[in-house]
Amino acid sequence: MDMSSIGKNIRKKRLAKSWKQEVLANKVEVTVTYIGMIERGEKVPKLETLIRIINALGVTSDEILEGVINRGYEVRMSEYMDKIGRLPKEEQNRIFDILDVMLEHRGRNQP
């Protein structure tokens, strides 16, 4: 199990808010060094700290645990569907055509 994805997801969500590590550290009441260690995958936060990080970022635990728990893929698919849903219909159809081809190709290469 690759726990470093927790830190990567935290970093991604922090950057999406254009926050420096200092901002998150202040909101969570930990050191900047500790946030850096978490984001680099050197440390896994205790549950209490993880909850404070999730609340500070205003995200769900599924978003942060994506890649560690199986439901993370459902979150990822949901994010893709949201992004695709905001595209013009022509672009949506193009993406769905590409997926159809890829899935058809994958099906033919199955043992």
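Mentor: A salt bridge is a side-chain nitrogen of Lys or Arg within 4 Å of a carboxyl oxygen of Asp or Glu, and the structure holds six of them. The model is a predicted one, in which local features need pLDDT of at least 70 and side-chain atom pairs count only at pLDDT 80 or more, while totals for chains, interfaces and linings use all residues. Residues are numbered from 1 along each chain as its sequence is written, and side-chain values use heavy atoms, with hydrogens and water left out.

Trainee: What makes E63 and K13 a salt bridge?

Mentor: The closest N and O atoms of E63 and K13 are 3.1 Å apart, and since the limit is 4 Å, the pair qualifies. The two residues come from distant parts of the chain, 50 residues apart, with E63 in helix α5 and K13 in helix α1; helices here are DSSP runs (H or I, at least four residues; strands are E, at least two), numbered from the N terminus.

Trainee: Which residue forms a salt bridge with E79?

Mentor: The side chain of E79 meets that of K13, at 3.6 Å from N to O. This pair also joins distant parts of the chain, E79 in helix α6 and K13 in helix α1, 66 residues apart. The C-alpha atoms of E79 and E63 are separated by 9.8 Å, although the two residues are 16 apart along the chain.

Trainee: What makes N9 buried or exposed, and what does N9 touch?

Mentor: The relative accessible area of N9 is 9%, so N9 is buried. N9 is found in helix α1 and, not counting residues up to four places away in sequence, touches E63, I64, L65 and E66, where contact means heavy atoms within 4.5 Å.

Trainee: Which residues touch the most other members of the largest nonpolar core?

Mentor: They are I6, I10, L24, L50, I53, L57 and I64, out of 17 residues; a nonpolar core is a set of buried Ala, Val, Leu, Ile, Met, Phe, Trp, Tyr and Cys residues joined through side-chain atoms within 4.5 Å. The elements giving two or more residues to this core are α1 (4–16), α2 (21–28), α3 (32–39), α4 (47–57) and α5 (61–65), and the largest share, four residues, comes from α4. I53 touches I10, V28, I35 and I38, not counting residues up to four places away in sequence.

Trainee: How do you know where the buried residues of α2 fall?

Mentor: The buried residues of α2 are L24, A25 and V28. Seen down the axis, they fall within an arc of 100°, so they line one face of the helix, the arc being that of the directions from the helix axis to the C-beta atoms. They pack against α1, α3 and α4. In α3, I35, G36, I38 and E39 are buried. These cover an arc of only 160° around the axis, which puts them on the same side of α3, and their cover includes α1, α2 and α4.

Trainee: Which residues make the nonpolar surface patch?

Mentor: M81, F96, I98, L99, M102 and L103 make this patch of about 580 Å², and helix α7 (residues 89–108) gives the most, with five residues. Patch residues need over 30% relative accessible area and no salt bridge, with nonpolar side chains (Val, Leu, Ile, Met, Phe, Trp, Tyr) joined within 5 Å and like charges within 9 Å; areas come from the Shrake-Rupley method with a 1.4 Å probe, and for residues only the protein chains shown count as cover. F96, placed in helix α7, is partly exposed, with a relative accessible area of 31%.

How values were computed: Buried < 20%, exposed > 50% of the residue type's maximum accessible area, 1.4 Å probe, protein only.
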